[in-house]
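Subject: Structure for you to look at

Hello,

Here is the structure I promised to pass on. Please open it and keep it beside this email as you read.

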Amino acid sequence: MQANEVLRLESGGVLSLYVPPKTVRGVVLICPGGGYQWVAPREGEPVARAFNAGGWAAAVLEYTCYQGKPLGKLPLKQAGEAMHVLRQRFADMPVLTCGFSAGGHLAASTAILWDAEPVQTALGIHGTEARPDAVVLGYPVITAGKYAHADSIRHLAGDSEMDYWSLEKHVTQDTPPTFIWHTVTDETVPMQNSILFTESLAEKGVPVELHLYPNGKHGLSLATKEVEECEKGRFADAHVADWFRLCLNWM
C-alpha cells in the first residue's frame, strides 16, 4: 500500500499519510519505535493500514534519529509540527497519537510536553494545536528512572535532563485520555514503564485504560502474521493482537 501523500516537515522528518477511501472518523499520528536510533517499519505502515480498515486516517512519522549526539527536543518538535499539520488537514476531527516503544515515549511526550517553549516557538503557535486529543501506547518507554530503557533515554538526553524525559513525573489533569498495552514478559522495556504512567494518570484523574498480556516479546506491533519476526521471537499471538480491537472500541 502506497501512502496517499508524503510530506517533508520544516523541522525535519517525513510524514506519510494514509487515508481510507470512505468516511474518515479522525486521524492518528503513528510514531514507530527503534530506541530513538531507527524507525521500525513494522510499527509504521502495517499499523496505518489497520487504522484505515477501522475508518481512521493515519500518518506515520519518520522522525530524526540518533547519529552520535543527543537528540534533545528535536523529535518532539517534529511530532508537534506533524500534529499541527494534521489538525489543519483534518479540521474539526479528532487527532490522536499512537506510539510503540521509544515511539511511545515520543507520542507520550507530545501529549505531555506539547506546550514546551521550543515546540511553540518553532511552530509559531500559542494554543493547543500540537496537543493530541488522545494517546495510544504500545509497550512504551516512559521513565528515565529505575525501569528505564537506557539506550532510548541516552540517545535522547545524553547524560542531562533525565527528569525532564521521565514522563510519569509530568502528568497533569490536562494530559489527554490514554490507552496502553504491554506484555508482562517484555525484557527490553519493562512493563513497569506502563504501570508508572498509568498510576500517574489515575492520580491526576486522567481517563486511562491499561491492558497487560502475560506473554510476549518486546516489539510485537500488531502481533499478527503480517508483522511476525520469528528469528527474533516475535510471533503472531491472537490474544495479544486483540489489543487493536480493544483500542478501536476505546477510540
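Predicted model: local features only at pLDDT ≥ 70, side-chain atom pairs only at ≥ 80, totals over all residues.

Start with the open sheet of 8 strands. Its order is β1-β2-β4-β3-β5-β6-β7-β8, and the pairing is mixed. The edge strands are β1 (5-8) and β8 (208-213), and each pairs on one side only. On average, neighbouring strands are turned by 15° against each other, direction ignored.

Strands of a sheet pair through backbone hydrogen bonds, either parallel or antiparallel. Take β1 and β2: they run antiparallel and are joined by 4 bridges. Val6 has Ser16 in β2 as its bridge partner. The two strands form a hairpin with 5 residues between them. Look at Gly12 in that turn, where phi is positive, about 105°.

Next comes β2 (residues 14-18) with β4 (residues 57-62): these run antiparallel too, with 5 bridges. Here Tyr18 stands opposite Ala58 in β4.

Two helices pack on the sheet. Helix α3 (residues 102-112) touches β3 (27-31), β4, β5 (95-100) and β6 (134-138). The direction of α3 makes about 150° with that of β5. Helix α6 (residues 192-203) touches β6, β7 (178-183) and β8. The direction of α6 makes about 155° with that of β7.

The inside

The largest nonpolar core has 42 residues. Those with the most contacts inside it are Leu15, Leu29, Leu61, Leu86, Leu137 and Phe197. Several elements each supply at least two residues of this core, including β2, β3, α2 (74-89) and α5 (150-157). Find Leu86 and check its partners: leaving out residues up to four places away in sequence, Leu86 touches Leu15, Leu17, Val27, Leu29, Ala59 and Val95.

Now two single residues. Beyond its neighbours within four places in sequence, His105 is in contact with Tyr36, Val141, Ile142, Ile153, Leu156, Trp165 and Leu167.

Ala134 lies in strand β6. Its relative accessibility is 10%, so Ala134 counts as buried. With neighbours within four places set aside, the contacts of Ala134 include Val95, Pro177 and Trp250.

The charged pairs

Side chains of opposite charge can pair when their charged atoms come close. The model has 10 salt bridges. In one of them, Glu5 meets Arg89, with the closest N and O atoms 2.7 Å apart. Glu5 is in strand β1 and Arg89 in helix α2, so this pair ties together parts that are 84 residues apart in sequence. Glu5 is partly exposed at 30% relative accessibility, and Arg89 is partly exposed at 40%.

Glu229 and Arg42 form a salt bridge as well, at 3.6 Å, N to O. Glu229 sits in the loop between β8 and α7 (238-241), and Arg42 in the loop between β3 and α1 (45-53), so the pair ties together parts that are 187 residues apart in sequence. Glu229 also meets Arg234 in a salt bridge, at 2.6 Å, N to O. Together, Arg42, Glu229 and Arg234 are linked in a network of salt bridges. Are these residues buried or exposed? Arg42 is buried, at 15% relative accessible area. Arg234 and Glu229 are buried too.

Best wishes

Terms used:
Residues numbered from 1 in each chain as written. Heavy atoms only, no water. Pairing = 2+ DSSP bridges. Axes fitted to C-alpha atoms, helices over the stretch in contact; angles between N-to-C directions. Contact = heavy atoms within 4.5 Å. Core = buried A, V, L, I, M, F, W, Y, C linked by side-chain atoms within 4.5 Å. Buried < 20%, exposed > 50% of the residue type's maximum accessible area, 1.4 Å probe, protein only. Salt bridge = Lys/Arg side-chain N within 4 Å of Asp/Glu carboxyl O.
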